[in-house]
Each structure stands twice: as structure tokens, then as C-alpha cells.
Amino acid sequence: MFERFTKEARAVVEGAYAYAEEGGSQSVDAEHLLLALLDREGGRGSSALSALGLARPHEREEVRRALREARRRAGLTRAEADALAGLGIDVSEIVARVEEAHGVGAMSGDRRATGLRGRVRRRPAFSRGAKGVLERALRVALARRDRCVGDEHLLLALTVLPGVAGEVLADSGVTFAELSRVCPPARSVEA
């Protein structure tokens with residue numbers, strides 16, 4: 001599948017691996033892909049983010065902060081947390097109690113490499129959500145009749161799939177419709 005990815009898109013995937021490994025995560029998640037996209041400069045995805053108001057470091061840091069907060073909530077979106085609140089379950093209270101007993105970030109699912117003496121640490125696998133982003137990026141590229149999957153397709157895919165990454169992007173004004181407006185299909189750019 002990665003043979004159709006541009007070098008920019010491959011760099012995003014490698015960056016996502018780096019974020020997952022750095023955090024001690026067992027898997028590469030959609031949020032890791034978004035973090036890697038925020039780091040990139042010069043690609044079509046980065047240009048689109050800049051055009052939609054995520055050009056300055058402090059603006060991108062707000063997105064990173066929102067992703068960290070969601071990770072602390074075990075990856076629950078605000079809609080999921082609100083649904084649980086409707087059932088009388090206060091996610092904030094649960095997070096506070098778990099972190100009081102086990103430390104900040106205990107619900108994030110990250111596992112540090114400590115205590116793995118004698119074991120070979122494998123590269124994190126793609127989570128179901130990250131696989132969905134990669135598959136959707138390919139479908140977006142095909143629907144737009146683009147020849148390759150670029151970082152902009154990864155970004156577009158993140159906006160249409162449910163989850164924390166899409167929610168955080170939407171909160172920042174980055175939606176599929178807005179991205180499509182500022183980032184036309186590559187084939188029309190090449191012409």
C-alpha cells in the first residue's frame with residue numbers, strides 16, 4: 001500500500017511511528033498521524049493547515065494540547081464523554097481518581113519500555129483507527145483522481161473519520177469541506 005504514498009506521506013507515517021515509540025505506545029494511532037502532520041513543513045497538507053489558520057507554532061500547540069487531554073481520557077472524544085455523563089458517569093472524576101492512584105497519564109494506554117529486560121521490543125503496530133485513516137486516505141486520493149497518496153490525503157481522511165483527531169481538527173476549523181476548498185486535487189495543480 002505504501003508504494004502509492006508520496007515521500008511526504010511516508011514521512012508522516014514514519015513520524016507517527018516515532019511519536020508512538022517515544023510515548024511508549026503499543027500501537028500507532030490516528031492521533032500520532034495528526035501529530036506527525038503538524039510537524040511537517042512544505043507539503044500540501046502543511047500548506048492546507050496553514051491556510052486554515054494552523055500556521056503558527058502556538059496554534060499547532062493548542063491542537064497538541066487537545067490531543068494530550070483526549071489521551072488522558074483514554075482516547076474518548078468529548079461526545080463520548082458527554083454520552084457517559086448522560087448516564088451519570090463523570091469521566092473527569094474517573095480520570096482524576098485513576099491518576100491519583102496510578103499517576104498522570106495512567107489511562108492513556110502508553111507503556112514505557114521499562115521492565116522489558118530480555119524481551120525484544122517490536123515496532124508498534126497500526127491501530128484499527130490508524131489503519132482506517134490510511135485506507136480512507138487511499139480512497140480519498142482515488143476519488144479525487146490523484147495519482148499518489150499525499151500528506152493532504154491523510155489530513156482529509158482524518159477529518160472524515162470519527163474520533164479524537166477529527167474532533168480536534170474540527171474544533172480548529174479544519175474540516176473536509178474547508179480542506180477540499182484550500183487543497184484542490186493534485187492533478188489540477190499539475191496541469
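## A pocket in a predicted model

A pocket, as the word is used here, is an open set of grid points where a 1.4 Å probe fits, with protein on both sides within 12 Å along at least five of seven lines. The structure discussed below is a predicted model, and its second largest pocket holds about 340 Å³ of space. The lining of this pocket is made up of 21 residues, and those closest to its centre are Asp29, Ala30, Glu31, Gly129 and Val164.

Helices H2, H4, H7 and H9 are the elements that each give two or more residues to the lining of the second largest pocket. By residue type, the lining divides into twelve nonpolar, six polar and three charged residues.

## Overall architecture

The chain has eleven helices and two strands, and along the sequence these elements follow the pattern α-β-α-α-α-α-α-β-α-α-α-α-α. Of the 191 residues in the chain, 40% are buried. Among contacts with a sequence separation of 6 or more, 68% are between residues 24 or more positions apart.

In soluble globular proteins, nonpolar side chains tend to be buried together. In this model the largest nonpolar core has 43 residues, and Leu34, Val133, Leu154 and Leu158 are the members with the most contacts inside it. At least two core residues come from each of helices H1 (7-22), H2, H3 (44-51), H4 (57-72), H7 (128-143), H8 (151-160) and H9 (164-171), and H2 gives the most, with seven.

Which residues does Val133 touch, not counting those up to four places away in sequence? They are Ala30, Leu33, Leu154, Ala157, Leu158 and Leu161, and among these Leu154 and Leu158 are also listed with the residues that have the most contacts inside the core.

Helix H2 is mostly covered, with nine of its ten residues buried, namely Ala30, Glu31, His32, Leu33, Leu34, Leu35, Ala36, Leu37 and Leu38. Helix H8 is mostly covered as well, again with nine of ten residues buried; in H8 the buried residues are Asp151, Glu152, His153, Leu154, Leu155, Leu156, Ala157, Leu158 and Thr159.

The buried residues of H2 include His32, which counts as buried because its relative accessible area is 6%, under the 20% cut-off. Leaving out residues up to four places away in sequence, His32 touches Ala16, Tyr19, Ala20, Ser25, Ser27 and Arg71.

## Asp29 at the pocket

Asp29, one of the residues closest to the centre of the second largest pocket, sits in the loop between strand S1 (27-28) and helix H2 (30-39). Is this residue, at 13% relative accessibility, buried or exposed? Asp29 counts as buried because 13% falls under the 20% limit.

The side chain of Asp29 makes a polar contact of 3.1 Å with the side chain of Ser127. Leaving aside neighbours within four places in sequence, Asp29 is in contact with Arg71, Ser127 and Ala130.

Pro57 is exposed because its relative accessible area of 66% is over 50%, whereas Arg68, at 45% relative accessibility, counts as partly exposed. The side chain of Arg68 makes a polar contact of 3.0 Å with the side chain of Glu61.

Pro57 and Leu38 are 19 residues apart in sequence, with a C-alpha to C-alpha distance of 9.3 Å. For Arg68 and Glu31, which are 37 residues apart along the chain, the C-alpha atoms are separated by 9.3 Å; Glu31 is one of the residues closest to the centre of the second largest pocket.

In the loop between H7 and H8 lies Arg145, which has a positive phi of about 60 degrees although it is not a glycine. Arg145 is exposed, with a relative accessible area of 65%.

Notes. Residues numbered from 1 in each chain as written. Predicted model: local features only at pLDDT ≥ 70, side-chain atom pairs only at ≥ 80, totals over all residues. Heavy atoms only, no water. Helix = DSSP H or I, 4+ residues; strand = E, 2+ residues; numbered from the N terminus. Buried < 20%, exposed > 50% of the residue type's maximum accessible area, 1.4 Å probe, protein only. Polar contact = N/O pair within 3.5 Å; in protein donor to acceptor, adjacent residues only side chain to side chain. Contact = heavy atoms within 4.5 Å. Core = buried A, V, L, I, M, F, W, Y, C linked by side-chain atoms within 4.5 Å. 1 Å grid on protein atoms, 1.4 Å probe; cavity = no way out; pocket = protein on both sides within 12 Å on 5 of 7 lines; lining within 4 Å. Points joined across faces, edges and corners; volume = space filled by probe spheres on them. Nonpolar A, V, L, I, M, F, W, Y, C, P; charged D, E, K, R; others polar.
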